[in-house]
Amino acid sequence: MPGQNTFQSYGSVAKTFHWLTALLIFSAFPLGYFANELAHQIQSPGFDGSQAVIERATLLFSLHKTIGVAVFFTALLRILWALSQPKPGLLHPDRKAEALAAEMVHWLLYGSLVAVPLSGWIHHAATTGFAPIWWPFGQSLPFVPKSDAVAGVFGGVHWVLVWTLAGALGLHIAGALKHHVIDRDATLRRMLPGHASLPQPPAQSHSLLPLLAALLVWAGVLGGGAALGLIGGKQAVETGTAAPVVAAEPGAGAASGWIVQSGTLGITVTQMGGAVTGSFGEWSAVINFEEPAAPGPAGDVEVTVAIPSLQLGTVTQQAMGADYFDSAAFPAALFKAEIEKLAEGYQATGTLTIKDQTVPVTLPFDLALEGDSAKMTGGLTLNRLDFGIGKSLPDESSLGFAVDVAVELEAKRAE
Ligand code: HEM
Ligand code: HEM
């Protein structure tokens, strides 16, 4: 049957898999390369915040990842098929070194077809804030935590494996062309469509040596990559996770009221349809609060937030730019409000100043009071346009208008 391999030639199924994979890889490669170049440009200090460049990078990354995931599944099917098939014999098994090199490269290519996309995919799944894979099956992977460290390691592994694949591919193509042009034998023809008359390969035995050689190459490049700091030390450029996590240090003192012991101030935005959550590492609150017997005024609060302490996945650095928080010109945000006890729960009503915009806001919250300790949880939704954030993105396709703010803190009554 022409679909099946024979000892003489590849069948049509193997040929289709071979050329389909080649097409996908030759697409994924330049897309990854140019997306990465754009990501570097976006993160360089001189970047002007151009939306067109950011959108192009996101588009190239999404295309790259989607095609890469297609490589992964095509490779699995291809390998299953190859396992069920006889392997065409080498036409010159007597040329030992050449045969070893050819078979080692085939192992490197088969391994790369799985390992290259998988490493990219793990890198992607470990990050928040990303150009999505265009498919409906989610962006996470089981057992892969959201972690900058994991993303950094697999970004490096992806890079090392990608360039190993490139090297193997260079040898593979050079070998195929040598057979065709110099040896003038049927090696390339039997991988091409059609059924030209093909010679019978001589009888030959198989050895494990090519596989061992391929494993050695991988051990060498992964070990070398780790020693050179390419793996682990390499920064994940797409995620822009350069800044170390700032230790949360809320609650720097209180007037006559309460001192914040611990807390988080988080925000969630919708980027390219996916939720991206981040938080401010540095903020302080001055809280005066006296629980009234009945609903009514209960005190006041003033919160100052250090804008540059925001960590927001991919867009951390972008968020600081002039069109967004403009942290260079406006390094702090200020929330000033009167606290009121309601029939149920509490609210803080006042103003929030971000950049040069002061907007009235109300923060509803719950409070659990126990002696001199209090636990507060609350949240509100802001509209980024009210504060002139992302004015160059006047619709919601790449960045939603709503910004969910979540506050949690524990405070103790001052002595
Ligand atoms: C990304 C691109 C490519 C990948 C991943 C790839 C991978 C492979 C693999 C794994 C095999 C071994 C098949 C087996 O024996 O089970 C193979 C065979 C072959 N490939 Fe490619 N290949 C690629 C591109 C190319 C190109 C561009 C050429 C031609 C210029 C080519 C020519 C061949 C030939 C002639 C064979 C048969 C070798 C033989 O009969 O011993 N390949 N390829
Ligand atoms: C056969 C499949 C793939 C090939 C050939 C490939 C190739 C590449 C190349 C050439 C680069 C640029 C490396 C550099 O110059 O620094 C790159 C980067 C990248 N690739 Fe892939 N890739 C593949 C699959 C994937 C998949 C499936 C994903 C995710 C789902 C992915 C995610 C990434 C990411 C996020 C980067 C940027 C790395 C960083 O931030 O350090 N890749 N890839």
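Which helices do the buried residues of H5 pack against? They pack against helix H3 (96-125) and helix H4 (148-183); helices here are DSSP runs (H or I) of at least four residues, numbered from the N terminus. This is a predicted model, in which local features need pLDDT of at least 70, side-chain atom pairs count only at pLDDT 80 or more, and totals for chains, interfaces and linings use all residues. Residues are numbered from 1 along each chain as its sequence is written, ligands are numbered from 1 in the order in which they are written, and side-chain values use heavy atoms, without hydrogens and water.

Let us stay with H5 for a moment. Its buried residues (under 20% relative accessible area, 1.4 Å probe, protein chains only) are Pro210, Ala213, Ala214, Trp218 and Gly225. Seen down the axis of H5, these fall within an arc of 140° (taken from the directions from the axis to the C-beta atoms), so they line one face of the helix. The face turned away carries Leu209, Leu216, Ala219 and Ala227, which are exposed (over 50%). Just after H5, Gly229 takes a positive phi of about 80°.

Now to ligand 1. It is surrounded by 20 residues, each with a heavy atom within 4 Å. Helix H1 (12-43), H3 and H4 each supply at least two residues of this shell. The table gives some polar contacts (N or O atom pairs within 3.5 Å).

| Side chain | Ligand 1 atom | Distance |
|---|---|---|
| Tyr10 | oxygen | 2.7 Å |
| Tyr110 | oxygen | 2.7 Å |
| His172 | nitrogen | 2.7 Å |

Key. Contact means heavy atoms within 4.5 Å. A polar contact is a pair of N or O atoms within 3.5 Å; within protein, one must be able to donate a hydrogen and the other to accept it, and residues adjacent in sequence count only if both atoms are side-chain atoms.
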